[in-house]
Amino acid sequence: MDWHLKGKFYESCSCTFICPCTWSNMGQPATNDYCRAALAFSITTGDIDGTDVSGCSMFMIIDTPPNMAEGNWTVGLIIDDSASEAQADALGQVISGAHGGPPEALGPLLGNFLGVERQPISIVEEGGKHHVTVGDTVAYTGRPEINEDGEAVQLTGLNTHPASDVLTLAPVQSVKASA
């Protein structure tokens, strides 16, 4: 099964500034008694077994114990309602781990999969910030950290993150979530 996705990733989590799970490859617990993360993916180019998913967006919500490596994650997936049924099915298969790669490696950590929903997803970058909105349930805004040379600050060498082995630090400035 062949797939590749390229695009941008926008995360909001319940930890203070930098999630310990990212820089420690899940070796350190969250800064709270739980981890709640929202992961938005904006796919620039992508192909999953011949299905073009370029331009699609998806969103994962994750609730885990403080040490993510202990497993028993609760996960839900939302795919943008503008994606075709074939695109939504292909994206769901990748995130489920059926096509291998990082999602498959994280599969043993899953305790409760809430399923897949379709909702409108908007991801907009403007004025140096990103704005993620998922239906009427989730909205967050963040801004990448920039060093004195004007470059985005990044974490590298990650091997357990579902998005990439390199992440740009972009602290969230505001969050709205409802059930």
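1. The side chains of histidine 131 and threonine 141 form a polar contact at 3.1 Å. A polar contact is a pair of N or O atoms within 3.5 Å; within protein, one atom must be able to donate a hydrogen and the other to accept it, and residues adjacent in sequence count only if both atoms are side-chain atoms. The C-alpha atoms of these two residues, 10 residues apart along the chain, are separated by 4.5 Å.

2. This is a predicted model, in which local features need pLDDT of at least 70 and side-chain atom pairs count only at pLDDT 80 or more, while totals for chains, interfaces and linings use all residues. Residues are numbered from 1 along each chain as its sequence is written, and side-chain values use heavy atoms, with hydrogens and water left out.

3. Histidine 131 belongs to strand E8 (residues 129-134); strands (E, at least two residues) are DSSP runs, numbered from the N terminus. With 22% relative accessibility, histidine 131 is partly exposed, a class between buried (under 20% relative accessible area) and exposed (over 50%), using a 1.4 Å probe and protein chains only. Beyond its neighbours within four places in sequence, its contacts (heavy atoms within 4.5 Å) include Ser122, Glu126 and Tyr140.

4. Aspartate 49 has a positive phi of about 50° and sits in the loop between strand E2 (35-48) and strand E3 (51-52). Asparagine 72 has a positive phi near 60° and is placed in the loop between strand E4 (57-64) and strand E5 (73-80). Aspartate 49 is partly exposed at 46% relative accessibility, whereas asparagine 72 is exposed, at 57%.

Technical notes:
Helix = DSSP H or I, 4+ residues; strand = E, 2+ residues; numbered from the N terminus.
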